[in-house]
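This briefing covers a few local features of one protein chain. Please keep the structure open while reading.

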Amino acid sequence: HDFPDEVQGQAFWSAVHAAPALPDANALTRALAALQDQHVALVGAKAGRSETLGMLFRTASDGSVIVWRVFDTNAGNVHVTEGDQVLAIDGQDAHAWMQHAATLTFGGQRRGRYAEAATELGLATPVVHRVAGLGNAVALRAQDAKGQTKPVTLHYKPVDAGLAKSMTAAINRADLPQHFKANGLRIGTLRIGAFAPQYDDAFVAAADAASKQPGASDDTAMLAGYCTVVRNVIREADNAARDADVLVLDLRGNLGGFDREAWLLADALGAKSSLST
């Protein structure tokens, strides 16, 4: 009742409707998942902490599930290769599993919900995984580029500093060369894996360093982190745009973040014929 209407879920938090019966933990989990604002970390030892299979998944245009990034090779994931297609998840056809999981995601159109469900399969909080019917381990049946199928069982584990750093590097790794030519055009590419500073080691390092200075405040540390990230983006944009006729902003698999800043960045990059700091 202390939250504004826009964060109240229709199935549970309501000032005018009686709370539904919650006979067991699963019913409570479903009620909490109905909250419209999912940027809420539940209390408890592991409730609000992300856990991962050590890889990230993406959906293709035909709805299939693809292994996109493998960033933890110490958790039995060495048998799965980036680009493998996931045929089954916990014994269920992957497409059918995704259709069900997409009904549990928040908002957006169908393809967006599929993409979110794929991301959450590889990276989410325990409560999200439980809502999707996942346990502590996930059994996959994958198919490689040669058509060979293979079963593999992956185990969830909490995302620590080491895994977060590996994941960040994987998300921001470019698939395209920074410069190439096509149809007589010189093309530059700029890869952005997330519009959120928590996925950037430079932000954390700069913020931590600034926070140790005498008289530093939380705002001082945050601004130091933002300035470092922006400085790096400008440098990369300059490099990508140098001697290029076209600048491609590569957002494939982008984990999201601040959408307003994403639009402003795209507008800024497209506003001039050439970029110069």
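The model is predicted.

**The sheet**

- Three strands form an open sheet in the order E6-E1-E9, and their pairing is antiparallel.
- The edges of this sheet are strand E6 (123-124) and strand E9 (157-158), each of which pairs on one side only.
- Strand E1 covers residues 51-52 and is joined to E9 by 2 bridges in the antiparallel sense.
- Glutamate 51 lies opposite proline 158, a residue of E9.

**The helix pair**

- Two packed helices are described by the distance between their axes and the angle between those axes.
- For helix H2 (residues 94-102) and helix H3 (residues 110-122), the axes come within 9 Å and cross at roughly 100°.
- Angles of 65 to 115 degrees count as roughly perpendicular, so H2 is roughly perpendicular to H3.
- On the H2 side, the contact is made by His95, Trp97, Met98, Gln99, Ala101 and Ala102.
- On the H3 side, the residues they meet are Arg113, Tyr114, Ala117, Ala118 and Leu121.
- By type, the residues in the contact of H2 with H3 are 8 nonpolar, 2 polar and 1 charged.

**The loop residue**

- Glycine 184 sits in the loop between strand E10 (179-182) and strand E11 (185-191).
- Is glycine 184 buried or exposed? Its relative accessibility is 72%, and exposed means over 50%, so glycine 184 counts as exposed.
- Glycine 184 and aspartate 245 are 61 residues apart along the chain, and their C-alpha atoms are separated by 9.6 Å.

Methods:
Residues are numbered from 1 along each chain as its sequence is written. This is a predicted model: local features need pLDDT of at least 70, side-chain atom pairs count only at pLDDT 80 or more; totals for chains, interfaces and linings use all residues. Side-chain values use heavy atoms; hydrogens and water are left out. Two strands pair if DSSP finds at least two bridges between them. Helices (H or I, at least four residues) and strands (E, at least two) are DSSP runs, numbered from the N terminus. Axes are lines fitted to C-alpha atoms, for helices over the stretch in contact, and angles run from 0 to 180 degrees between N-to-C directions. Angles under 35 degrees count as roughly parallel, over 145 as roughly antiparallel, 65 to 115 as roughly perpendicular and the rest as oblique. Contact means heavy atoms within 4.5 Å. Ala, Val, Leu, Ile, Met, Phe, Trp, Tyr, Cys and Pro count as nonpolar, Asp, Glu, Lys and Arg as charged, and the others, Gly among them, as polar. Buried means under 20% relative accessible area, exposed over 50%, partly exposed in between (1.4 Å probe, protein chains only).
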